Amino acid sequence: MDSIQKNLLAEIADIHDVPEGAYNIRSNGSLAGRNTTANIDIVTKTDKPGIDIIIKPHTVHESVHIPVILSESGLKDMVYNDFYIGEGADVTIVAGCGIHNCGDQSSEHDGIHTFYIEKNAKVRYIEKHYGEGDGKGERILNPTTVVHIAEGGYMEMETVQIKGVDSTVRNTEADLKDGASLVIHEKIMTHGNQTAETNFTVDLDGVDSSANVISRSVAKESSRQIFNSHINGNNKCYGHTECDAIIMDSGKVQAVPSLSANNIDASLIHEAAIGKIAGEQLIKLMTLGLTEAEAEEQIVNGFLK
Amino acid sequence: MLELKDICFQVSEDTEDKEILKNINLKLDDRFIAITGPNGGGKSTLAKMIAGIIKPTSGKILLDGVDITDYSITDRAKAGISFAFQQPVRFKGLTVKDLITLASGKSISVGEACSYLSEVGLCAKDYIDREVNASLSGGELKRIEIAMVIARGTKLSIFDEPEAGIDLWSFNNLIQVFENMYQKINGSILIISHQERILNIADKIVLIADGEIRKVGTKEEVLPHLLGTSEACSTLMDKIVK
């Protein structure tokens, strides 16, 4: 692995060497390293590109890293990864994709991740997207995440896209059974002429199921973002969706939260707030000795932290 | 030493020019100066002007003999002026530790950040990682605002009505914070206040009403004047109405 690839790995997965536990590293469309453990198996699919990650019931305190890196210009990579999380397991999964494109052709990675979370299993899923390289070729990432959570299961999903991705369409769909819950924290910063579209659809099918979808984003320069979030309350359930965005320069953000209550005991809330950085916040930090640009940076970094 | 020379500030309201500050001349070289007077008299405008948030229409501001009238907010902060807002600002995502660290201007340990919070009567471990957002009460925000000024430790610290928005019981504790600060601080404190207990510890009191300085002197000199004038009535009325 060369230094560009190592840098991409560090950016998306904080991996500086071989990760601990189970891992699968995909580099420029092929396997660059894999490790399995007694409780976590990783199997290459035979019918299409991608892998199955199979976690045995009651596996606790283990992690799986499945980073994808692209450093060849003009590569279009598409994978199907399926995660089977056994009953009562409690694991952390770190995914992510880094693209380094210094050529003139577009590089694209489209990942379709499907989670089957069994009863009372807990998953923390972290996904970072990052792009770099000074070529004219676009860096494109289109992740799709499909989540099925069984009774009492829990998933916490953190997605971060801070830099360098020119175009992204991010689709997330989830269905939840009795007592299952889903928490999503999305952080996006776009700049230049980038576009980012995120679509969330959550079906709260089970009694006492709950979902909390929180997005914080910053749109700088001429970038554009669209946030669509839809929660269907089909039973006695609780759902909350929140979009909080800062716009700067000529950045544009559209937030479309929507709720459907299909049961009398469904309790659903949506919130959306978009605006530029408040002048008084800048002034306060300037009275501490920061320049206006430094104050802006602190406010944005804090907002996306 | 802070010196204000012929400071005027006008705003245009509809087609009329309104004078907010009229020919303010003031030399402030004491350790603890209180500015008092009725609401709407120009006190906060003057404080914001010293911090650089508002530019005077005419006149000069000198800090230790250096003309800082054209300095930006940032330059004045670097020159040694700190300003605690009357209404502290909330930040989504920034924590108390982040703000104290930014105020101190260097990377500080959790222990150091905590010591500043303890000085304003906050139990540090409960607050240090809290976000400075709507989950904090007005009184808590006010104390954090004061802790930031202490962390800066500059030669001039300005407080704009620290008592505003704080209940009477909390304010009694806050008085002690200022009494301690008076003992410890190396520079000068300029505080805008209506509170008699704050005025009592001031070396010098400046009475401002209708955009003009009405009286400057020790509390013995100013307080009787304050109580014997129509301003006193309106100040008292303000207190009652509040």
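Select B:Leu117 to begin: this residue counts as buried because 24 C-beta neighbours lie inside 10 Å. A residue is called buried if 20 or more other C-beta atoms lie within 10 Å of its own, exposed if 12 or fewer, and partly exposed in between, with C-beta atoms placed from the backbone. The model in the viewer is predicted; local features need pLDDT of at least 70, side-chain atom pairs count only at pLDDT 80 or more, and totals for chains, interfaces and linings use all residues. Residues are numbered from 1 along each chain as its sequence is written, while chains are lettered from A and ligands numbered from 1 in the order in which they are written.

**Around B:Leu117**

Show helix 4 (residues 110-119) of chain B, where B:Leu117 lies. Helices (H or I, at least four residues) and strands (E, at least two) are DSSP runs, numbered from the N terminus. Next, display B:Leu122, B:Ala124, B:Tyr127, B:Ile128 and B:Ala147, which B:Leu117 touches when residues up to four places away in sequence are not counted. Contact here requires the C-beta atoms of two residues, placed from the backbone, to lie within 7 Å.

**Helix 1 of chain B**

Move to residues 43-51 of chain B, which form helix 1; nine of its nine residues are buried. Among them are B:Lys43, B:Leu46 and B:Ile50. Just after this helix, select B:Gly52, which takes a positive phi of about 95 degrees.

**Confidence in chain B**

The average for chain B is 88, and 93% of the residues score at least 70. For the model, ipTM is 0.90 and pTM is 0.85.

**Strands of chain A**

Turn to chain A, which holds three helices and 20 strands. Select strand 1 (residues 22-27) and strand 5 (residues 60-70) of chain A: these run parallel and are joined by four bridges. Two strands are said to pair if DSSP finds at least two bridges between them. A:Arg26 stands opposite A:Val68 in strand 5 of chain A. Strand 5 of chain A also pairs with strand 7 of chain A, in the parallel sense, over 10 bridges. There, A:Val64 stands opposite A:Ile93 in strand 7 of chain A.

**The loop at A:Asn101**

Follow the chain to A:Asn101, in the loop between strand 7 (90-100) and strand 8 (107-117) of chain A. Is A:Asn101 buried or exposed? It counts as buried because 27 C-beta neighbours lie inside 10 Å. Leaving aside neighbours within four places in sequence, A:Asn101 is in contact with residues including A:Ser73, A:Gly133 and A:Arg139.

**Where the chains meet**

Finally, show both chains: 17 residues of chain A are in contact with 20 residues of chain B. On the side of chain A that touches chain B, helix 2 (279-286) and helix 3 (292-304) of chain A each supply at least two residues. Helix 2 of chain A gives the largest share of that side, six residues.

Conventions: pLDDT is the predictor's confidence in each residue, from 0 to 100.
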